[in-house]
Amino acid sequence: MEKTIALIPGDGIGPDVVAEAVNVLDSVAKKFGHKWNYTKVIAGGSAIDQFGKPLPEEQLKIALDSDAALLGAVGGPKWDNLASELRPEKALLGLRGGMKVFANLRPAVMWKQLKDACPLKDEIVGDGLDILIVRELTGGIYFGERGTSEDQNTAWDTEKYTRPEIERIVRMGFEYAQKRQKRLCVVDKANILNSSQLWRRVAEDVKKDYPDVTLSYLYIDNASMQMVRNPRQFDVIATSNMFGDILSDEASQITGSIGMLASASLGDGTGPGLYEPIHGSAPDIAGKDLANPLATILSAAMLLRYSFGLETEAKAIEKAVNDVLDAGYRTGDIAGSHLAEVKAAGKLVGTKKMGELVVEYLNK
Ligand SMILES: NC(=O)c1ccc[n+]([C@@H]2O[C@H](COP(=O)([O-])OP(=O)(O)OC[C@H]3O[C@@H](n4cnc5c(N)ncnc54)[C@H](O)[C@@H]3O)[C@@H](O)[C@H]2O)c1
């Protein structure tokens, strides 16, 4: 297979972690007989420095012309005092909007080797967590009509959804549930919100096409509670933009490590998907060879799975990551309370070495 991948390294640790993911992608290409052509998109703070704005049109076009895009992270203290329209983070909204990626997929996976980093009790997490949250990304209250009264004492935001906007998310939820444990939970606030009631009606209609998937509903307040009380009840969750925003952060925290979590933003399949770690540009450790590249490497695995349909190749990357962790190698962020032991065993590694290890185990 020959494909074009747009690389959007961004700022801070972004370029370092993307470089390691590229090494892994190259190794996959060699092993499985593919060819990746890379293009580079300058976005975020680096684009502000170079072009005076966070996402120039021609840079977005490079991403749009690709088959899939891999982003590091954007932002940093250097640009914190700019007007909001000029902030690096605007590049993220510009990319997501411009690429029309309406669904955000966030797997919250707890690696058994990193169980110590999970803040929940052993009996709650058992031998691991594996939840997939499908969050609506381009509608709802973040995009609805909003305003502030003239006297500045009243303000409003509107949660508005159309049937097609809901259907494409719910359908995606059913599709992934079908490939996993066949359980889909729609999270809403249908006891109060009309828009949530529409989510339920649409889910009931779509369910007819997926008779083998069990559909359940939870109110967002209960779902947030269940996420820490009994997270293993969840397989796939489909939800609105705001509820998904909150719930996916909660889910990511219970897995314990921000440096391990990948994400995919997908559209209707006619354009490229956007893949990125969920962490930011970590300016505190940028340029120090301390960043954990695994979230970006796992984002590259998602890219192969969801944009190119290369399940075997995606699994090979995930297995290599698993084997590297099994062998005891850790970056500082995932060494946790075992830092001294890991160090004594000579297995405390930096960004580059962690990337090299994944490549090494991929080729074993
Ligand atoms: N998608 C994005 O590009 C994105 C997302 C979040 C924040 N940001 C931006 O990143 C900058 C820093 O934000 P923040 O500090 O709130 O969040 P952050 O995720 O960058 O960092 C939070 C903490 O986690 C650590 N960390 C993050 N990624 C790590 C990794 N791969 N390996 C090891 N440790 C890691 C950092 O060192 C820091 O202590 C800000 O400018 C923010 O706007 C960008």
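Before the details, a word on conventions: residues are numbered from 1 along each chain as its sequence is written, and side-chain values use heavy atoms, with hydrogens and water left out. Since the model is predicted, local features need pLDDT of at least 70 and side-chain atom pairs count only at pLDDT 80 or more, while totals for chains, interfaces and linings use all residues.

Let me start with the domains, whose bounds come from an automatic or database domain assignment. That assignment gives domain 1 as 1–99 + 271–364 and domain 2 as 110–266. The C-alpha centres of domain 1 and domain 2 lie 24 Å apart, and the contact (heavy atoms within 4.5 Å) takes 25 residues from domain 1 and 19 residues from domain 2.

Now to the sheet, for which helices (H or I, at least four residues) and strands (E, at least two) are DSSP runs, numbered from the N terminus, and two strands pair if DSSP finds at least two bridges between them. As a reminder, strands of a sheet pair through backbone hydrogen bonds, either parallel or antiparallel. Here 10 strands form an open sheet with mixed pairing, in the order E2-E1-E3-E12-E11-E4-E5-E10-E8-E9. Strand E2 (35–40) and strand E9 (214–219) are the edge strands, each of them pairing on one side only. From one strand to the next, the twist averages 25°, where axes are lines fitted to C-alpha atoms, for helices over the stretch in contact, and angles run from 0 to 180 degrees between N-to-C directions.

Helix H4 (residues 90–98) touches strand E1 (2–10), strand E3 (68–73) and strand E12 (273–277), and its direction makes about 150° with that of E12. Helix H10 touches E1, E2, E3, strand E4 (103–110), E5, strand E11 (262–266) and E12, and the direction of H10 makes about 160° with that of E12.

Looking at individual pairings, E1 and E2 run parallel and are joined by six bridges, with Asn-37 in E2 as the bridge partner of Thr-4. Together with helix H1 (residues 14–32), these two strands make a right-handed β-α-β unit; right-handed here means that, with the strands pointing away from the viewer, the path from the first strand over the helix to the second runs clockwise. E1 is also joined to E3 by five bridges, again in parallel, and Ala-6 stands opposite Ala-69 in E3. Further along, four bridges join strand E5 (residues 129–136) to strand E10 (residues 236–239), which run parallel, and there Leu-132 stands opposite Val-236.

That brings me to the cores, a nonpolar core being a set of buried Ala, Val, Leu, Ile, Met, Phe, Trp, Tyr and Cys residues joined through side-chain atoms within 4.5 Å. Buried means under 20% relative accessible area, exposed over 50%, and partly exposed in between, with a 1.4 Å probe and protein chains only. The largest core has 70 residues, and among those touching the most other members are Leu-105, Met-260, Leu-294 and Val-321. Its largest share, eight residues, comes from helix H10 (residues 294–307), and this core draws at least three residues from each of domain 1 and domain 2. Not counting residues up to four places away in sequence, Val-321 touches Trp-111, Met-260, Leu-294, Ile-297, Leu-298 and Val-358. A second, separate core of 20 residues includes Met-110, Leu-247, Ala-251 and Ile-254.

I will close with four single residues. Gln-152, in the loop between strand E6 (146–148) and strand E7 (155–157), has a positive phi of about 65° although it is not a glycine, and at 59% relative accessibility Gln-152 counts as exposed. Asp-289, in the loop between E12 and H10, likewise has a positive phi, of about 60°, without being a glycine; with a relative accessible area of 35%, Asp-289 is partly exposed.

Asp-289 is also one of the contacts of Thr-351, which, leaving aside neighbours within four places in sequence, include Asp-16, Val-17 and Glu-20 as well. Thr-351 is found in helix H14 (residues 351–362) and is buried, with a relative accessible area of 3%. Finally, Thr-331 sits in the loop between helix H11 (311–326) and helix H12 (332–335), where it counts as buried at 0% relative accessibility. Beyond four places in sequence, Thr-331 touches residues including Leu-290, Pro-293, Leu-348 and Met-354.
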